[in-house]
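Here are my notes for a colleague who is new to this model. Please read them next to the coordinates.

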Amino acid sequence: MEEERQALLNFKQVLIDRSERLSSWVGYQCCEWRGISCNNHTGRIVRLDLRNWNYTKFNESCLGGKLHPSLLGLKHLSYLDLSQNCFHGIHIPNFIGDLTSLRYLNLSYASWSGSFVGEIPPSLGNLSNLNYLDLSVAGYISDVYSKSLNWLSHLSSLKYLNLRGANLNNTGVSWLHAVNMLPSLLELRLSNCQIDGNQVPLSLPTINFTSLLVLDVSYNHINSSFPKWLFNLTSLTKLDLRWNLFLRPSLEEFVRLKAVEHLDLWGIGLKGQLLPKFFGNLCKLKSLDLSYYVIDGGIQDFLSGFSNCSSNRMESLYLSGCGLEGELPSSLGMLKSLQRLDLGNNSFRGSFPESIISNLSSSLKTLYLNDNLFNGPIPESLGQLSQLVSLDLSYNSWEGSLKEAHFINLTRLKYIRLTTNRHVPIIFNLTDYEWIPPFKLWSLFMDNCRVGPGFPVWLQSQTELSYVKVMNAGISGAIPQGWMSNISSQIVSLDLSNNQISGKLPLQFNFPYLLVIDFGHNQLDGIIPSSFCSIQSLYSLSLNNNQFSGEFPKEWSLWSHIFFVNVSNNNLTGEIPRSMGIPSSLYILKMANNQLSGEIPSALQNCSILRRLSLGGNNFTGSIPSWIGSKVSGFRVLQLRSNSLSGHIPHQLCSLPHLQFLDLGHNRFSGTIPKCLNNLTALVSGLYNGWVIFSDFEETTVTTKGRESEYFTRQAMLLTVIDLSSNDLEGEIPEEISSLVSLGTLNLSMNQLSGSIPSKI
């Protein structure tokens, strides 16, 4: 026992334990230590469970550091769980393969940024008693890989294997041959393992893993035909093939998998007519995802396929993006066990049948009808879906109003998304202004829904929100101080843009997890609170088109993750703060149309990923800094229009290969137009790659013939502009400009240019 106690203390010594999770590891009774379990008869340590369950304060509570080989002193250890911790940058130790008593091993992680790296050690093949092995990594990027999985064939007792996120692209077909040597295997998860079609043999001489119940090979690169051996796994109850691109896929062979309860074929290239026998032989289905299967015929044909089933067990049905059209048939209500229904991204029209709602009122938890052609009033009977948790009615042509009856029994509602494509908004027509909803939302997304005037009481009652987007909602007046102080500290995104909110923002913003703040296009005034800068997690700040005054907070250097800042069209004064530095993570900085002054700060050269810089309409003086083009060369947009900048246009601007929007108009530049402008590669080739779409509603202002026009992101990213107008430039227009064949707008007017216009222009 003393040997095991010392082994644990040595193991603890090289761990990083920020939250002191192992503070109980003192004294001599190690069986009472946190995460330790001992055999009741022998007193030997058999279980070490240090999984990190604290997801709200994950980074603070996860263990890091190294794994000490002293674990080998735990000779009776059968269970080892180190999952959801922060062992980023270290390899899975080889000595794990010497813990030969292990039956359970979990080294998984919820994000690639904290996972192990390097090759999965083949020594794990020594764990011949292993029943459960989880080395998975969530996300799409992983530094864990294997060159061969032959070692797996030695784990003949293995029942569960999860290698999600590990790169198996170099294993060839060894992964499948190894799996075929595991007769006890019940669950196999190989999602996002970069397996391609060449690694999936179409047939196997013999199939030994026919006990398999769960197979997940989603998010790979399999571009071959369906392998024949797949349909011999007749014990399968769950099959996930989503996001592969099989050749000539057909549903015909799936009829052999009669035990399947969960089938996910999302985005695998299926198209054509649904086969009635496909459904008739899959009457055990509880979950079916055919999203982005281009289905011939209407949804009525689809539903008729279930008519041969004596009982219906369907709980989850996903038909998003299937090209379905017409009115929704009331026969959908025959799926009386349905809990999750996704019909988004189709062309359904008309109203949503109330008979469906009445049949599903006690079961439906998720209803997605987004991106269709539904019109008419939203049925009041939606308020009878007492189990509803998630509701998405966005991007349809709903009309009319919403009343208390629409929400009367939605006590479990946590997520709602509601917008309309019509010019006439949906109106919240409440008979009782003081109405308090029966739900506490976590996520609220509304656009073009009139919930004002004023700041509605029902919205003030929502104090558990994590995501808020209530834009173009007619909200007026000040944001209630009480709501800002009562709102959940867990809030991640707060967007109240495009309203008529006035007054001042509260000076204190205590939201440690906030990523996005958007109060753009309102009537807010006063100073920008410096407490914004204490939000370490902040990623995006949009305060544009308000009436803010004073200086921008100098504490903005405290932001370490800020990506997007837009304070354009306010009344800000002073200089761009630089005394404490400028956040180097900036990608987009927009401060146009204020009263800012001074020179463009040299500290911006530390923003090496800066791509869009808009400082027009201010009082900046001095010259264009030389670091633009030399230190920072990734600009797509450079707008310095309508300032008091002077000097020559520097040749360094020609070293911006991705530049597609250059506006230096209405300044005091002198000298000649640089002849090297033909080095602006994007304007020569027409290849405008690398424009990150941060928001569909990000605005770019273009001035043409004295008239300003606003372009949203998807139009702005196609603009190609050079504007050098209203300066003191002289000399001839260089011939090299003729090389910019992708240039859409060229404005050189109101200068002192001479000579003729180049003929090739």
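**Cysteines, strands and one serine**

1. C533 counts as buried, at 1% relative accessibility. Buried means under 20% relative accessible area, exposed over 50%, and partly exposed in between (1.4 Å probe, protein chains only). The model is predicted: local features need pLDDT of at least 70, side-chain atom pairs count only at pLDDT 80 or more, and totals for chains, interfaces and linings use all residues. Residues are numbered from 1 along each chain as its sequence is written, and side-chain values use heavy atoms, without hydrogens and water.

2. The structure holds three disulfides, a disulfide being a pair of cysteine sulfur atoms within 2.5 Å. One of them joins C31 and C38, with the sulfur atoms 2.0 Å apart. C31 is partly exposed at 32%, whereas C38 is buried at 17%.

3. C62 is linked to C86, S to S 1.9 Å. This link is left-handed, with -100 degrees about the S-S bond. Both C62 and C86 are buried.

4. C654 is joined to C676. The torsion about their S-S bond is about 70 degrees, so this disulfide is right-handed. C654 is buried at 6%, and C676 is buried at 16%.

5. Strand 36 (residues 523-526) runs parallel to strand 38 (residues 547-550), joined by two bridges. Strands are DSSP runs (E, at least two residues; helices are H or I, at least four), numbered from the N terminus. Two strands pair if DSSP finds at least two bridges between them. Strand 38 also pairs with strand 40 (residues 571-574), in the parallel sense.

6. S128 is partly exposed, at 36%. S128 lies in the loop between strand 7 (118-119) and strand 8 (132-134).
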